Amino acid sequence: MSKRVIIIGSGLGGISAAISLAQEGYDVTIHEKNAKIGGKLNVLNAQGYTFDLGPSILTLPHLFERLFERSGKKMADYIPIRALRPHWRNFFEDGKVVDLDPDPKVMAAEAQKVGEDPKNVESFLKYSADLYDLVNAGYFEKGLDNATAFREFYGLSKFLKFDLFRSMHGGVKKHLKTRHMQDIFDYFIKYVGSSAYHSPAFMNCMATIQFRYDLWYVDGGLYNIALGLQRLMDELGVKICLNSSVTSITKENGKVTGIVTADGSQHPADIIVSNMEVIPAYEKLLQEDDELMKSLEKYEPSCSGLVLELGLDRKYPQLAHHNFFFSDHQKEHFHTVFRKRQLPPDPTIYLVAASRTDPTVAPEGCDCLKILPHIPHIDDENPLTHEDYMAFKDRVLDKLERMGLTDLRKHVVFEHCWTPLDIREQYGSNKGSIYGVVSDRFKNLAFKAPKQSTKYPNLFFVGGSVNPGGGMPMVVLCGQNVAKSVVAWDKS
Ligand SMILES: Cc1cc2nc3c(=O)[nH]c(=O)nc-3n(C[C@H](O)[C@H](O)[C@H](O)COP(=O)(O)OP(=O)(O)OC[C@H]3O[C@@H](n4cnc5c(N)ncnc54)[C@H](O)[C@@H]3O)c2cc1C
């Protein structure tokens, strides 16, 4: 008889682990507290508008493709995707506008708009590509989880190539000389909700994720990724229990034995994979003692966000599909969010106008905007109030109106807004984090928690709080790597 695996949570990491374990012959059941699968990969349909409530940028689709290939299928038959041009449009307070484009000729012309020598961009991208190849070979693909595994795989000579003595911003500054280009490439750190000034230089590998492997969109909205994966799970016989909140994990003789759900029912399991983040799972589901919880403090949450959706009765033609409105004081922005833990006076704002390339997501002649400034995770000892968040929302709208979205407020016909408190409530994430664990060279050197519990050998974790961390492709890779760890442990 197949061994029973219970997966707690149906975020993309949980789904990827479920598919990978079902492909290995395990009997897999997911328990998801919400009414639909996907976790932060979420959608809102209202008044003819379709908003991606969570992720809106798809990268590294070949990592998703592997889930289908292993079942002899093609991802294109489940999730059709297409590349976007430009990748992003960047707006600055001085009126300059620069596009990011993977075509070297286009990129060179864009760099010259702000006085950057195109050769600097080329040398930065070469530096980024070398870092990507290094990080990808071991940390990503082999699923390395701790310092010993790292040392064994890389050895001292390769270890030194990680540019360990610089911050991410330090690596950017070494190659790029204008403030505009530095701000843009620093902001690749948004993919993991951290600070370019506090994360290690090897995080500069992220530019290659986009420049070598492109930036993708799923027609109709990114939630179609969840729907495509749902079909694959159905074909593989993965069982999914929705509205099934897990309230505790049972344990006996140093092993986990099953789960209890909110309706009081018990569900035995041979192996448990928690897609609930590591810290809340140990705290709430396993009631671990202070000593264990203290050892996890270095896995501080990533930032949270104010997630604002606006349905408009007009279009703003200057917008691309993806846009960034930069803080005039980006260093201060990072410092305020990640060190002072305050709402930034002048935030950098990410704005998605999917209606620019997908006519199905808004009524004709209208834009649907998702606006996402990064803000601090919840500080339970000094909580911000709803009024604080709403005052911040006004600052965001002021900035957008000032930077060209004239009379934006007057054209809003639908509005939806989530604060970090809503995000925590919705997804059970640690302190409202949106990418899992922060990447910080001083706190954790960008390492996240290990995938296999250090206390219960048949308990595993998947998702943004374990290596290699947050972002859709990384948690999908994590699900595949966790399945390999389960199989290896099970055989041993
Ligand atoms: C606003 C926003 C924008 C983003 N933008 C991007 C982007 O453009 N590109 C990108 O790649 N990434 C982006 N991300 C990050 C990306 O969405 C996440 O890294 C990824 O989807 C997280 O997957 P996960 O496996 O960690 O699980 P999660 O999505 O965190 O899911 C965890 C699941 O577990 C469930 N759960 C928790 N506790 C329990 C319990 N006790 N019982 C049962 N179920 C439980 C939750 O309900 C949830 O469904 C964004 C995230 C947000 C929020």
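Domain bounds here come from an automatic or database domain assignment. The model itself is predicted.

The chain is assigned three domains. Take domains 1 and 3 as a pair. Their C-alpha centres lie 30 Å apart. They do touch: 10 residues of domain 1 are in contact with 7 residues of domain 3. On the domain 1 side, that contact surface is made of 3 nonpolar, 4 polar and 3 charged residues.

Now the ligand. Which domains each give at least three residues to its shell? Domain 1 and domain 3 do. In total, 37 residues surround the ligand. The closest are Gly9, Gly11, Gly13, Gly39 and Gly463. By class, the shell holds 20 polar, 14 nonpolar and 3 charged residues. Two helices, α1 (12-23) and α15 (472-491), each supply at least two shell residues. The largest share, 3 residues, comes from α1.

Turn next to a sheet. Strands of a sheet pair through backbone hydrogen bonds, either parallel or antiparallel. This one is open, has 3 strands in the order β10-β11-β12, and pairs antiparallel. Its edges are β10 (246-252) and β12 (266-268), each pairing on one side only. From one strand to the next, the twist averages 30°. Look at β10 and β11 (residues 255-261): 6 bridges join these antiparallel strands.

Technical notes
Residues are numbered from 1 along each chain as its sequence is written. This is a predicted model: local features need pLDDT of at least 70, side-chain atom pairs count only at pLDDT 80 or more; totals for chains, interfaces and linings use all residues. Two strands pair if DSSP finds at least two bridges between them. Helices (H or I, at least four residues) and strands (E, at least two) are DSSP runs, numbered from the N terminus. Axes are lines fitted to C-alpha atoms, for helices over the stretch in contact, and angles run from 0 to 180 degrees between N-to-C directions. Two residues are in contact if their C-beta atoms, placed from the backbone, lie within 7 Å. Ala, Val, Leu, Ile, Met, Phe, Trp, Tyr, Cys and Pro count as nonpolar, Asp, Glu, Lys and Arg as charged, and the others, Gly among them, as polar. A residue is near a molecule or strand if its C-beta atom, placed from the backbone, lies within 6 Å of it.
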